[in-house]
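Hi there,

Here is the structure I promised to pass on to you. Have a look at it first, and my notes follow below.

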Amino acid sequence: MKIAITTSSFARYSDEPLKLLEQAGVEYVMNDKGRALTEEEAIQILEGCHGVAAGTEPLTKKVMDALPDLKVISRCGTGMDNVDRAYAAEKGIEVRNTPDGPTLAVAELTLGLILTLLRQVPHQDRELRSGVWKKRMGNLLHGKNVGIVGFGKIGQAVAHLLEPFGVNVGYHDPFADVPGYTRLELDDLMGWADVITLHCPKTENGAPLLDLGRLSLMRPGSIILNIARGGLIDEDALCDALDNGKLAGAALDVYPNEPPKNERLLKNPLLSLTPHIGGSTKEAQKRIGAEIVDIIKGM
């Protein structure tokens, strides 16, 4: 059996998953580019493979048609936006993911970014390094309304981490109904929350979920985070909301194009930017690796 490992972080901090594959007699090839693959690159590396431990490369109809041996796609993480699941089903290709592995890592990053934004840590760090000694007045998390868009495993994990801070948690998710939390329509949630954090898939047509109209519904001085999928927030509309003082800060871990090239994002002092590190903890990657191995061994 031969598989491809296309996620660039696989086994980076522990070679245990690779040893388990070798012990099971599984031949593997790895992505050596250190980034998400293009369609053509995916076709090239997946040639002759029966399975793939997939990252965020596009696994489209074109890719699947070029790979007659492919039987299993296993996404390293939760998001499945890059996989044409309907066509995979037509082709008889099993599609799996590892929803538990990155959950706590993404939730902890979310909590950390909320706190740093409320205390304006990124902005003050930049100022201090440039020679400006200015104590900016921040805000407590305690007592705030936190709106979570997407209330699956990660969204609920964020809610659990927030409980000791004495916040009010509301959520929007058309597929979830979780007792103990306030469920709101998206527009209502945008106007209710002091903090909005996204943990949902892309829209069906790929358009931003939060455009200028939805961002304008947010409370003056509120903050927003996208730790989910690039393109959920209109980047220029977000920069406008930061520039005109509507929003006090924002954090992005994902982008429509990675790495991002939008100069307005890169230069805005009120934005905290990270390079898609939601699941990038040693513990999370080790667990994801073990889950992937179990899926592949079960092929």
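Which helices and strands each supply at least two residues of the lining of the largest cavity? They are α6 (121-129), β11 (247-252) and β12 (271-273), where helices (H or I, at least four residues) and strands (E, at least two) are DSSP runs numbered from the N terminus. Before more detail, note that this is a predicted model, in which local features need pLDDT of at least 70, side-chain atom pairs count only at pLDDT 80 or more, and totals for chains, interfaces and linings use all residues. Residues are numbered from 1 along each chain as its sequence is written, and side-chain values use heavy atoms, without hydrogens and water.

Back to that lining: β11 gives the most, with three residues. Lining residues have an atom within 4 Å of a cavity point; a cavity is a set of points on a 1 Å grid over the protein atoms alone where a 1.4 Å probe fits but cannot get out. Among the lining residues are Leu 117, His 123, Gly 249 and Ser 272.

Next, the cysteines. The structure holds zero disulfides, a disulfide being a pair of cysteine sulfur atoms within 2.5 Å. Why? The closest cysteine sulfur to that of Cys 200 is in Cys 239, 19 Å away, which is too far for a bond. Cys 200 is buried, with a relative accessible area of 13%, and Cys 239 is buried too, at 0%; buried means under 20% relative accessible area (1.4 Å probe, protein chains only).

Finally, the buried residues of α12 include Ala 284, Ile 288 and Val 293.

Happy exploring!

Key. On a 1 Å grid over the protein atoms alone, a cavity is a set of points where a 1.4 Å probe fits but cannot get out, and a pocket is an open set with protein on both sides within 12 Å along at least five of seven lines; lining residues have an atom within 4 Å of a point. Buried means under 20% relative accessible area, exposed over 50%, partly exposed in between (1.4 Å probe, protein chains only).
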